[in-house]
Amino acid sequence: MHPIISVQNLSKVYESGFHALKNINLDIRRGEIFALLGPNGAGKTTLISVICGIVRPSEGSVTVDGHDIITDFRAARSMIGLVPQELTTDAFETVWATVSFSRGLFGKTPNPDYITKVLKDLSLWDRKDSRLMTLSGGMKRRVLIAKALSHEPQILFLDEPTAGVDVELRKDMWQTVRTLRDAGVTIILTTHYINEAEDMADRIGVINNGEIILVENKAQLMRQLGQKQLTLELQESLTALPPSLAKHNLALNQDGSELTYVYDTQGERTGITTLLTDLGQAGIRFKDLDTSESSLEDIFVNLVRRK
């Protein structure tokens with residue numbers, strides 16, 4: 001299947017000389033939820049802006065369902081809905097007028113039934129006649145999503161969509177995103193809530209210093225780069241690890257009551273059996289144990305640090 005978005009050899013250098021994007025190559029699959037992760041200043045928003053035709057690239061090309069974002073801008077842009085980070089809205093307009101006007105900008109004929117559905121899905125129907133200046137920050141962000149959906153796009157970019165949105169509204173928003181994905185809409189999101197990406201995304205891309213450093217299926221990424229941690233609660237506290245345990249990847253907590261053993265989930269052997277044998281021979285007894293796995297956030301932080 002051809003990708004719905006194809007980015008090839010893309011670079012962006014600003015007049016100041018700042019190299020925001022460096023030879024980006026990226027394909028987005030039709031109908032997936034793709035999470036683009038990276039620290040502040042990594043190039044996430046610049047990349048989205050180039051794909052959406054807001055910023056002109058210095059080199060390379062972007063196609064949206066086969067339409068070049070520069071030479072065939074109108075066709076490419078009509079397929080895209082964009083929810084920016086900034087809360088940019090006309091403060092004196094009503095919610096209904098704002099969303100309806102946005103639909104008209106893309107040359108779509110009026111469709112009150114569709115606008116009604118969008119507002120109800122985003123829990124905005126009760127505020128449809130309210131002026132935007134009277135809304136909370138979280139409500140304004142949902143209006144931005146409604147505007148982005150107003151022309152029935154096939155691709156939706158969500159740039160930090162839940163910033164400033166409370167937990168309950170965030171759940172509603174992600175349910176709407178899942179419903180859109182199930183209807184065939186391709187979703188590309190950036191978020192600082194990495195647990196959201198872990199819950200929502202089909203694939204993960206990590207960008208740092210303007211370069212894509214990894215693109216991987218989420219489940220595969222968790223398997224390949226994840227680690228497991230075994231925590232042993234000791235019967236008697238230790239002041240230091242015995243020399244006979246030095247070969248194991250062990251850490252003793254501050255009060256000496258717990259030992260932590262980290263091991264690779266992909267390794268043929270975990271080393272736990274040998275560890276427990278060595279603990280017994282060293283006279284160390286434990287009263288409880290617990291295992292945990294790396295989260296996507298742990299993997300992301302390690303990737304960025306390595307780069």
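How many bridges join strand β4 to β5, and in which sense do the two strands run? In this predicted model, two bridges join β4, which spans residues 59-64, to β5, and the two strands run antiparallel. Within that pairing, the bridge partner of threonine 63 is aspartate 68 in β5.

**Overall content**

The protein chain has 307 residues, of which 43% are buried, and its secondary structure comes to 10 helices and 14 strands. Among the contacts in the chain with a separation of 6 or more, 67% are between residues 24 or more positions apart.

The pairing of β4 with β5 belongs to an open sheet of four strands, whose order is β2-β1-β4-β5 and whose pairing is antiparallel. The edges of this sheet are formed by β2 (residues 19-28) and β5 (residues 67-68), each of which pairs on one side only. Helix α1, made up of residues 44-51, lies across β1 (residues 5-13), β2 and β4, and runs at about 60 degrees to β2.

Strand β3 covers residues 33-37, and five of its five residues are buried, so the strand is largely enclosed by the rest of the structure. In a regular strand the side chains alternate between the two faces of the sheet. For β3, both faces are covered, with Ile33, Ala35 and Leu37 buried on one side and Phe34 and Leu36 buried on the other.

Two pairings of β3 can be described together. Three bridges join β3 to strand β8 (residues 186-190), and these strands run parallel, while four bridges, also in the parallel sense, pair β3 with strand β9 (residues 203-208). Phenylalanine 34 figures in both pairings, standing opposite isoleucine 188 in β8 and opposite arginine 203 in β9.

An α-helix has 3.6 residues a turn, so residues three or four places apart point the same way. The buried residues of α3 are Val95, Thr98, Val99, Ser102 and Arg103. These residues cover an arc of only 135 degrees around the axis, which puts them on the same side of α3. Where do the buried residues of α3 pack? They pack against α4 and α5. After α3 comes glycine 107, whose phi is positive, near 75 degrees.

In helix α9, which spans residues 272-281, the buried residues are Ile272, Leu275, Asp278 and Leu279. Seen down the axis of α9, these residues fall within an arc of 125 degrees, so they line one face of the helix. On the other side of α9, Thr273 and Gln281 are exposed. Glycine 283 follows α9, and its phi is positive, near 80 degrees.

**The tryptophan pair and its surroundings**

A pair of aromatic rings is described by the distance of the centres and the angle of the planes. A search of the whole structure finds one aromatic pair. This pair consists of tryptophan 96 and tryptophan 125, which are arranged edge-to-face, at 6.2 Å centre to centre and with 75 degrees between the planes. Because tryptophan 96 lies in helix α3 (residues 95-105) and tryptophan 125 in the loop between α4 (112-121) and α5 (137-149), the pair ties together parts that are 29 residues apart in sequence.

Two lysines lie over the face of the tryptophan 125 ring, as the table sets out.

| Lysine | Ring | Distance from the ring centre |
|---|---|---|
| Lysine 120 | Tryptophan 125 | 5.2 Å |
| Lysine 128 | Tryptophan 125 | 4.5 Å |

**Glutamate 216**

Glutamate 216 has its place in strand β10, which spans residues 211-217. This glutamate is partly exposed, with a relative accessible area of 22%, a value to be read against the cut-off of under 20% for buried. Glutamate 216 and aspartate 202 are 14 residues apart in sequence, and in space they are 9.0 Å apart, C-alpha to C-alpha.

Key. Residues numbered from 1 in each chain as written. Predicted model: local features only at pLDDT ≥ 70, side-chain atom pairs only at ≥ 80, totals over all residues. Heavy atoms only, no water. Phe/Tyr/Trp six-rings, centres within 6.5 Å; stacked < 30°, edge-to-face > 60°. Lys NZ or Arg CZ within 6 Å of the ring centre and 35° of its normal. Pairing = 2+ DSSP bridges. Contact = heavy atoms within 4.5 Å. Axes fitted to C-alpha atoms, helices over the stretch in contact; angles between N-to-C directions. Buried < 20%, exposed > 50% of the residue type's maximum accessible area, 1.4 Å probe, protein only. Arc of directions from axis to C-beta.
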